[in-house]
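Please look over the model shown below before reading on. The report then takes up its sheets, helices and aromatic rings in turn.

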Amino acid sequence: MSHGPRSGLAAVSSALLAMSRHLEVRDVLKTIVASARELLDAQYAALGVPDDHGGFAQFVVDGVSEEQWKAIGPLPRQHGILAAMLHEARAERLADVRKDPRFEGWPSAHPDLVDFLGLPIRDGDEVIGALFLANKNCPKPEGSCGFTEDDEELLGILAQHAAIALTNARLYERSRELTIAEERSRLAHELHDAVSQKLFSLRLTAQAAARLVDRDPSRAKGELQQVAALAAEAADELRAAVVELRPAALDEDGLVATLRTQIQVLDRAHSARVTFAGRGVKALPASQEEAVLRVAQEALHNALRHSGADHVDVTLDRRGSGAVLRVTDDGSGFDPRAVRRAGRHLGLVSMRDRASGAGGTLTVESAPGKGTTIEMEVPGG
């Protein structure tokens with residue numbers, strides 16, 4: 001690029017500003033992808049968020065027109081180089097992606113990709129997505145990759161911001177489930193408080209690096225590392241904000257009535273039959289009731305959006321002083337062991353974290369073609 005790292009820092013700043021302006025995660029992801037393509041002067045850029053069924057819940061591209069995108073066809077599956085980034089959690093820098101033994105081709109309308117740079121997006125130890133670029137706009141000697149180690153390092157900074165955006169997505173998805181306007185306002189306030197200070201620090205640090213890049217590159221590199229560290233801290237604070245939120249309907253109606261109401265709405269809104277039965281459940285500690293509700297919502301979302309189920313059954317039964325939640329669907333199912341190995345388990349990790357945080361347990365029973373049962377038990381008071 002003609003302006004070197006300074007243009008890269010401007011692109012990072014643009015992504016940060018987008019985060020502070022938007023709640024819609026797709027808008028944020030589009031900004032990150034566009035910034036990455038500009039930052040590294042590539043023809044194409046993309047960011048994929050995997051689902052639990054071998055595909056992508058979201059896939060955002062830059063450098064491809066809407067007409068081209070429609071002609072390409074369905075979203076890609078998790079195979080080839082994309083799968084390697086998700087499964088093996090390492091960067092991929094290739095001179096010609098088509099010559100890699102893992103390459104499995106693409107649709108006829110797909111543009112030709114040659115040199116390639118991709119990074120997994122991490123949230124702690126978890127791989128939650130893949131960010132990649134192709135076709136660097138620069139002269140390339142025969143058999144060499146246009147992307148450099150410096151490019152890889154700078155792309156890693158944007159991958160940190162992508163992790164924040166995906167955590168933001170989880171928080172915003174919760175906001176859309178709330179039915180009371182005051183709760184929505186409180187969610188926006190919590191989100192702003194959780195990240196505004198970190199975003200301010202990130203901007204200042206990026207600006208400091210920009211001033212240092214010409215006269216003291218070593219210190220500039222240190223400032224960029226601080227940007228990545230602050231991004232990770234912001235992601236942690238977003239997760240904490242999610243945990244602290246409690247839907248107002250639980251306080252007003254209780255767990256059983258809240259579940260019944262939400263499931264009746266889902267039954268009307270979807271072609272699948274969604275049923276609920278609550279049997280003998282006593283009031284639980286507030287943290288356990290919220291965890292049960294959130295796990296039920298996550299499991300229902302997965303069943304109705306991804307499994308192709310005709311029937312989803314939710315039960316909440318008393319067990320001792322506690323309760324057992326079961327969400328069972330007759331959909332396509334999956335191999336839980338393969339999901340754990342591949343890192344394609346945003347929803348499952350979230351549910352396990354909620355169960356564990358409430359002192360409970362979560363089990364998953366599923367197999368390809370056999371449907372899925374999610375069971376959560378909490379101990380009660």
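## The antiparallel sheet

In what order do the five strands of the antiparallel open sheet lie? The order is 2-1-5-4-3, where strands (E, at least two residues) and helices (H or I, at least four) are DSSP runs numbered from the N terminus, and two strands pair if DSSP finds at least two bridges between them. Strand 2 (56–62) and strand 3 (92–94) stand at the edges with a single partner strand each, so one side of each has no neighbour in the sheet. Neighbouring strands here are turned against each other by 10 degrees on average, direction ignored.

Within this sheet, strand 4 (residues 116–123) and strand 5 (residues 126–136) run antiparallel and are joined by eight bridges; P120 has A130 in strand 5 as its bridge partner. Helix 4 (residues 80–88) lies across strand 1 (42–50), strand 2, strand 3, strand 4 and strand 5, and runs at about 140 degrees to strand 5. Such angles run from 0 to 180 degrees between N-to-C directions, the axes being lines fitted to C-alpha atoms, for helices over the stretch in contact.

## Basis and overall make-up

The model is predicted, and local features need pLDDT of at least 70, side-chain atom pairs count only at pLDDT 80 or more, and totals for chains, interfaces and linings use all residues. Residues are numbered from 1 along each chain as its sequence is written, and side-chain values use heavy atoms, with hydrogens and water left out.

The protein has 12 helices and 10 strands. Of its 381 residues, 51% count as buried, meaning under 20% relative accessible area, with exposed being over 50% and partly exposed in between (1.4 Å probe, protein chains only). Among contacts (heavy atoms within 4.5 Å) between residues at least 6 apart in sequence, 65% join residues at least 24 apart.

Seven bridges join strand 8 (residues 322–329) to strand 10 (residues 372–378), which run antiparallel, and L325 is bridged to M376 in strand 10.

## Helix 10

Helix 10 (residues 286–306) has 21 residues and spans 30 Å from its first C-alpha to its last, close to the 30 Å expected at 1.5 Å a residue, where the expected span is 1.5 Å times one less than the number of residues. Because 16 of those 21 residues are buried, helix 10 is largely enclosed by the rest of the structure. Just after helix 10, G308 takes a positive phi of about 70 degrees.

## Aromatic pairs

The structure holds five aromatic pairs; rings of Phe, Tyr and Trp (its six-membered ring) pair if their centres lie within 6.5 Å, and planes under 30 degrees apart count as stacked, over 60 as edge-to-face and the rest as tilted. F103 and W106 have ring centres 4.8 Å apart and planes at 75 degrees, so this pair is edge-to-face. F103 is partly exposed, with a relative accessible area of 26%, and W106 is also partly exposed, at 25%.

F116 and F132 form a stacked pair, 5.3 Å centre to centre with 25 degrees between the planes. This pair links distant parts of the chain, with F116 in strand 4 and F132 in strand 5, 16 residues apart, and both F116 and F132 are buried. Ring pairs also link F56, F59, W69, F116 and F132 into a cluster.
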